[in-house]
Amino acid sequence: MLEIVKKTIDEKRQGEAFSGDPSMEQTIGKKFFIESYGCSMNFSDSEIIASILQAEGFGSTKNEEEADLIFLNTCSIREKAELTVRKRLTEFRKLKKVRPTMLVGMLGCMAERLKSKLLEEEKLVDMVVGPDAYRSLPALIQEAETGTKAVNVLLSREETYADISPVRLNSNGVSAFVSIMRGCNNMCTFCVVPFTRGRERSRDDVTIVQECQDLFDQGYREVTLLGQNVDSYYWVDPQTNHPIDFAMLLEKVAKISPLLRVRFSTSHPKDITDKVLFTMRDHSNICRYIHLPVQSGSTRLLQLMNRTYTREWYLAKIRRIKEIMPDCAISSDIIAGFCTEEESDHLDTIDVMKQSAYEYSYMFVYSERPGTLAAKRYTDDVDMETKKRRLSEIVSIQNSLSFESNRRDVGKIFEVLIEGESKRSDKQWMGRNSQYKVMVFEKAENQTHQKGDYVMVKVDDFTQATLLCTIVN
Ligand code: 5AD
Ligand code: SF4
């Protein structure tokens, strides 16, 4: 079946007539447009969805106006994320007037959270499909084409889409996401993800390593292993009964080639082990960068959040990382104004930020999500003005930490992986160092560097988000 499908797509590319599986005939020529919101996991899922649809003969388009199917891969993490998607839906309403046969599908976390309620609230929506139900998309499309609204929001304990080769969408041809696990068992009280993405399950290591190898063979030079909580990756080989943990998986991927950079996200402070840190240290192609969300610097709040660590424990973890890899960059997620947060808790957060000297942070005001443990147990009692003031203080602390970190880099030499031309000028390359910092430098006149090449550069200066460099020999 897969063979025929592959051929079908190739034939289509060459503009030849289709003569394969008759059930596909009706899909040939139909185009889908997919837009992703939220975390990297959603962007990675959209690549799996594109693969499932292409295998059924649908073609992808980047132009929503020519699409027969519009899919929004949605995020529920904060109320604002959901509002953005709803606003976007109103734009598709106009398109539907022009093309009444066009179908609209809501995918991902909002679909899972709201289920068929979404069909009542948004009349435009024809399909509602949760994160574990993408294999049923072709059948759901068929159903929706008959005029019946189609819903599948079943969560699974096994689905990892392990056998599906993602179609790389909007790729720079250098770096790619590889999903290694799905779901989350952590139950942080503020978070809707365990409800929208279900129980945690790991993908088998063989298909992960194969996907990374294939990417490398196609010229990719960086993979980011994705999961809500990568450090609890755990797979037991059914043949040998050998367990494989995250450190072992990292090593297997790193051994594909020293030219393949390996990144991963996200790590939970309670789960990242010394074994992972030593594996990173021992492989220079595993990047010196860990995203280690703290959420709050107050032990009392961490307890209310069910993060299962204290501020001291977190700070000890940071020290351990720096002890093993002094050049490792660390970033964080921080929530301002969680339930019952006092000024002293907020100051604790600022203190942890300073002690951790984060290179970057993703910073948010707390947004109560229906159905979460926090929504059930606690009152969202910090007023919006206070939340926003605390957030802006956190942002300004982070800005100065990032500034300091960039200043420390001036004069240093780094290896950069070229991702493409800089946005500002086609005379400059843009890339990142192992620490994930964006670096820009003039192309050398007599050298033929390309995307995907490694170059040594020296940092001369910096702006807020970019290190300005020159090539060194
Ligand atoms: N409100 C604000 N931020 C949240 N996050 C998760 N849930 C919420 C919420 N209800 C943040 C956390 C998490 C990141 C992905 O989003 O910081 O690490
Ligand atoms: Fe949400 Fe916590 Fe799981 Fe991250 S670890 S997805 S914040 S429940």
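Reader: Why does Met 187 count as partly exposed?

Author: Met 187 has a relative accessible area of 28%. Buried means under 20%, exposed over 50%, and partly exposed in between, with a 1.4 Å probe and protein chains only. The value 28% falls in between, so Met 187 is partly exposed. The model is predicted: local features need pLDDT of at least 70, side-chain atom pairs count only at pLDDT 80 or more, and totals for chains, interfaces and linings use all residues. Residues are numbered from 1 along each chain as its sequence is written, chains are lettered from A and ligands numbered from 1 in the order in which they are written, and side-chain values use heavy atoms, with hydrogens and water left out.

Reader: Where does Met 187 lie, and what is its phi?

Author: Met 187 sits in the loop between strand E8 (181-182) and helix H7 (193-197). Helices (H or I, at least four residues) and strands (E, at least two) are DSSP runs, numbered from the N terminus. The phi of Met 187 is near 55 degrees, which is positive in a residue other than glycine. Most residues other than glycine have a negative phi, and most peptide bonds are trans.

Reader: What makes Tyr 161 buried?

Author: Tyr 161 has 1% relative accessibility, so it counts as buried. Its phi is near 55 degrees, and its place is the loop between strand E6 (150-152) and strand E7 (175-179).

Reader: How do you know that the bond between Ser 265 and Thr 266 is a cis peptide bond?

Author: Omega of that bond is about 5 degrees. Thr 266 lies in the loop between E13 and helix H10 (274-282).

Reader: Why is the pair of Phe 246 and Phe 264 called edge-to-face?

Author: Twelve aromatic pairs turn up in a search of the whole structure. In the pair of Phe 246 and Phe 264 the ring centres are 5.2 Å apart, with 75 degrees between the planes. Rings of Phe, Tyr and Trp (its six-membered ring) pair if their centres lie within 6.5 Å; planes under 30 degrees apart count as stacked, over 60 as edge-to-face and the rest as tilted. The distance of 5.2 Å is within the limit and 75 degrees is over 60, so the pair is edge-to-face. Because Phe 246 lies in helix H9 (residues 246-254) and Phe 264 in strand E13 (residues 261-265), the pair ties together parts that are 18 residues apart in sequence. Phe 246, at 1% relative accessibility, is buried, and Phe 264, at 4%, is buried too.

Reader: What makes Tyr 289 and Tyr 360 an edge-to-face pair?

Author: Their ring centres are 6.0 Å apart and their planes stand at 90 degrees, so the pair is edge-to-face. Tyr 289 belongs to strand E14 (residues 289-291) and Tyr 360 to strand E16 (residues 360-365), so parts 71 residues apart in sequence are tied together. Tyr 289 is buried at 10%, whereas Tyr 360 is partly exposed at 23%.

Reader: Why is Met 325 called buried?

Author: Its relative accessible area is 2%, so Met 325 is buried. Met 325 lies in the loop between helix H12 (311-324) and strand E15 (329-336). Leaving aside neighbours within four places in sequence, its contacts (heavy atoms within 4.5 Å) include Leu 277, Arg 288 and Ile 290.

Reader: How do you know that the radius of gyration agrees with a compact globule?

Author: The radius is taken over C-alpha atoms, and the globule rule is 2.2 Å times the number of residues to the power 0.38. With 473 residues, the rule gives a value near 23 Å, and the protein chain has 23 Å, so the two agree. Buried residues make up 55% of the 473 residues.
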